[in-house]
Amino acid sequence: MITGPSGVGKSSIVSQARLRSGAVFSVSATTRKPRPGEQDKEDYFFIDSSTFRNMVDAGEMLEWAEVFGEYYGTPARPVRQAVDRGESIILEIDVQGAVQVARKLPDATFILIAPPSMDALKSRLTGRGSETPRQIDKRLGEAESELRLAGESGIYQHKVINDDLDAAIEKVVAVINQE
Ligand code: 5GP
């Protein structure tokens with residue numbers, strides 16, 4: 001389970017960590033619209049809210065949460081199948097979701113990716129250019145509360161500060177290999 005606030009560099013870390021560790025990636029479902037360059041079924045299953053609700057009602061989500069006014073959830077079956085096959089599977093999910101997984105899969109490993117500072121996070125979000133200034137302010141507020149909640153949850157065994165991308169990737173790969 002990898003959690004970190006929006007803009008912290010999770011996606012870059014996860015995509016490299018996958019390549020270097022051989023772990024598979026859990027593709028989440030979301031009701032948010034794709035960003036430029038994102039592929040349906042690879043980055044997310046982009047679905048509408050009634051399809052999402054149906055999946056939740058049918059018990060098909062391992063966990064789900066509402067983040068920034070959109071729904072995000074982990075389809076359970078691919079995770080169970082990977083675990084049964086003895087594979088490592090990476091879930092990139094928020095704290096609310098990770099807490100649900102901690103109850104269902106107590107042997108999972110929880111990694112928190114944190115920014116070196118809130119200023120660094122703001123520059124990254126601004127540089128990405130995919131959110132409006134108002135959305136950036138909202139995401140910064142959410143980032144503070146997510147980092148606080150993550151600390152309070154007590155589920156994260158590993159904290160990786162992303163001040164150097166390559167070093168952060170190496171640390172995550174080391175945790176996956178060690179676990
Ligand atoms: P983004 O819109 O930037 O891709 O993701 C926004 C937030 O949703 C991030 O904190 C990300 O970790 C979280 N997220 C992505 N997929 C899932 C999921 O399946 N479940 C939960 N609980 N959070 C998710």
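This is a predicted model: local features need pLDDT of at least 70, side-chain atom pairs count only at pLDDT 80 or more; totals for chains, interfaces and linings use all residues.
A pocket, for these notes, is an open set of grid points over the protein atoms alone, with protein on both sides within 12 Å along at least five of seven lines. The second largest pocket holds about 490 Å³ of space by that rule.

**Entry: second largest pocket**

Sorting the lining by class gave me twelve nonpolar residues, three polar and three charged.

**Entry: largest pocket**

Then I went to the largest pocket, which has a volume of about 1,000 Å³. I count 42 residues in its lining, and the closest to the centre are Lys10, Ser11, Arg32, Tyr44 and Glu92. Two or more lining residues come from each of helix H1 (10-21), E5, E6, helix H4 (95-104), helix H5 (118-128) and helix H6 (133-153). By class, I noted 13 nonpolar, 13 polar and 16 charged residues in this lining.

**Entry: where the ligand goes**

Which pocket does the ligand take up? I checked, and its space is the largest pocket. For the shell around the ligand, strand E5 (61-67) and strand E6 (70-75) are the elements that give two or more residues.

**Entry: ligand shell**

I listed 18 residues around the ligand, with Ser28, Arg32, Tyr44, Tyr72 and Asp94 as the closest. My class tally for this shell is six nonpolar, five polar and seven charged.

**Entry: polar contacts and cover**

Tyrosine 72 has a polar side-chain atom 2.5 Å from an oxygen atom of the ligand. For arginine 35, I read 2.8 Å between a polar side-chain atom and a ligand oxygen. In threonine 74, a side-chain N or O atom is 3.4 Å from an oxygen atom of the ligand. How much of the ligand's accessible area does the protein cover? I got 95% of the 510 Å² that the ligand has on its own.

Definitions and conventions
Residues are numbered from 1 along each chain as its sequence is written. Side-chain values use heavy atoms; hydrogens and water are left out. A residue is near a molecule or strand if one of its heavy atoms lies within 4 Å of it. A polar contact is a pair of N or O atoms within 3.5 Å; within protein, one must be able to donate a hydrogen and the other to accept it, and residues adjacent in sequence count only if both atoms are side-chain atoms. Accessible areas come from the Shrake-Rupley method with a 1.4 Å probe; for residues, only the protein chains shown count as cover. On a 1 Å grid over the protein atoms alone, a cavity is a set of points where a 1.4 Å probe fits but cannot get out, and a pocket is an open set with protein on both sides within 12 Å along at least five of seven lines; lining residues have an atom within 4 Å of a point. A molecule sits in a cavity or pocket if more than half of its atoms lie within 2 Å of its grid points. Helices (H or I, at least four residues) and strands (E, at least two) are DSSP runs, numbered from the N terminus. Ala, Val, Leu, Ile, Met, Phe, Trp, Tyr, Cys and Pro count as nonpolar, Asp, Glu, Lys and Arg as charged, and the others, Gly among them, as polar. Grid points are joined across faces, edges and corners, and a volume is the space filled by probe spheres set on the points.
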